[in-house]
Amino acid sequence: MIVAPERIPVAGPSISDREVELVADAARNAWYKNHAEFNNRFERMLADYVGVSHAVSTPHCTAALHLALAALGVGPGDEVIAPDVTWIASVAPIVYVGAEPVLVDIDPVTWCLDPDAVERAIGPRTKAIIGVDLYGSTCDWARLQDIADRHGLALIEDAAEALGSVHHGRRAGAFGRVSAFSFHGSKTVVTGEGGMLATNDKGLFDRVLFLRDHGRNPGDRFFLNTEIAFKYRMSAVQAALGVAQMERIDELIAHKRAIFKWYHDRLSGVNGLTLNAEPADTQNSYWMVTMILDPSLGLDKFAMMAELDKRNIDSRPFFSPLSSLPAFDERPSATRFVTPQDAGKIIAAYGVNLPSGYNMTEDKVDIVAAAVREIIAGRG
């Protein structure tokens with residue numbers, strides 16, 4: 001049996017001396033008149049990279065999505081359509097604002113929100129659509145925007161997992177009315193925890209700035225709050241780490257794409273196994289290299305993970321359908337459009353994220369790929 005000589009983790013960042021230098025600088029100097037220096041730089045770098053006018057740093061992506069919904073006026077009595085297969089953080093903020101999530105199927109190729117399923121779920125209470133760029137793939141944003149425009153809905157892009165991906169000449173995060181990014185320690189760019197909201201809408205941007213600081217205008221020094229709102233700011237130390245990461249963004253994306261190529265070269269010919277898609281006119285940043293196993297192999301995601309674990313290789317399960325989680329047991333209206341025939345049901349049951357951290361080398365990919373082939377061969 002193939003066993004890695006040391007544990008191969010599933011994810012992890014790339015930290016250079018530059019990150020350490022800027023974090024130390026922020027710890028020493030980002031106070032008094034310089035308190036916003038690194039946040040401003042990080043926000044400007046992200047906005048420029050994505051190709052939007054405005055960006056707001058937040059403590060995590062969940063906060064960015066919460067602020068987006070609140071700033072759009074989504075609230076009690078409203079419904080927001082979102083994918084059934086995603087991490088719960090994409091949908092939880094809908095509940096935070098008192099609205100109801102409406103879960104629908106994903107596309108079997110891109111694993112992103114299925115526009116046809118969205119159209120079928122629109123009703124009189126629908127206020128917004130959240131599309132999630134899953135595992136570095138991108139939604140069909142032209143179709144989703146057309147649907148949103150025809151029905152007068154706000155379109156939100158959850159680009160937490162897709163920084164660096166490109167869809168028809170535009171970077172992930174440049175679609176819809178507003179977008180959100182994650183800089184969690186497992187992501188393409190990291191700040192430990194952290195997030196960003198991005199938009200071209202100046203009015204929405206101003207509203208977000210107001211809401212994220214306890215309902216007061218930027219620069220207010222008299223603590224004259226006019227609404228009860230939120231405390232969603234990123235620290236200067238986190239922002240400094242983000243600045244250093246954004247200085248290296250092209251290098252980081254190139255590494256992610258190289259990792260995928262190494263896996264593709266070694267696994268693309270394996271029967272019963274499918275890797276992340278990259279449709280025409282798109283570029284996938286491949287946050288996580290993900291494989292979908294054909295059910296005929298007799299291995300679901302948890303069985304494959306157990307076999308990899310025996311070989312000293314860490315992995316992650318494809319996100320489970322939210323409709324299958326106990327958290328949604330008491331929300332039948334949220335799951336009313338979910339069916340047993342949904343493409344996402346099979347994909348989620350047989351999907352595994354392979355080690356995709358920045359510590360991956362061709363030699364480590366050799367070990368993981370050989371282990372996958374061995375496990376599959378043992379089922380033949």
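1. In this predicted model, the lining of the largest pocket divides by class into 14 nonpolar, nine polar and eight charged residues. The volume of this largest pocket comes to about 780 Å³, and 31 residues line it, with His35, Ala36, Asn40, Arg212 and Arg233 lying nearest its centre.

2. As to where that lining comes from, two or more residues of the largest pocket are given by each of the elements α2, β1 (54-58), α7 (202-211) and α8. Helix α2 supplies the largest share of the lining of the largest pocket, namely five residues.

3. The second largest pocket holds about 330 Å³ of space, and of the 21 residues that line this second pocket, Trp87, Ala89, Ser182, His184 and Lys187 are the closest to its centre. Its lining consists of eight nonpolar, eight polar and five charged residues, and the largest share, three residues, comes from helix α3 (residues 61-71).

4. Two of the elements that contribute to the largest pocket, α2 and α8, also deserve a remark as a helix pair. The axes of helix α2 (residues 37-50) and helix α8 (residues 236-247) come within 8 Å and cross at roughly 35°, and the crossing in which α2 passes α8 is left-handed.

5. On the side of α2, the residues that meet α8 are Phe38, Asn39, Arg41, Phe42, Met45, Leu46 and Tyr49, while on the side of α8 the residues taking part are Ala236, Ala239, Ala240, Gly242, Val243, Met246 and Glu247. Sorted by class, this contact of α2 with α8 has 10 nonpolar, two polar and two charged residues.

Technical notes:
Residues numbered from 1 in each chain as written. Predicted model: local features only at pLDDT ≥ 70, side-chain atom pairs only at ≥ 80, totals over all residues. Heavy atoms only, no water. Axes fitted to C-alpha atoms, helices over the stretch in contact; angles between N-to-C directions. Helix = DSSP H or I, 4+ residues; strand = E, 2+ residues; numbered from the N terminus. Left-handed = near helix turned anticlockwise from the far one by under 90°. Contact = heavy atoms within 4.5 Å. Nonpolar A, V, L, I, M, F, W, Y, C, P; charged D, E, K, R; others polar. 1 Å grid on protein atoms, 1.4 Å probe; cavity = no way out; pocket = protein on both sides within 12 Å on 5 of 7 lines; lining within 4 Å. Points joined across faces, edges and corners; volume = space filled by probe spheres on them.
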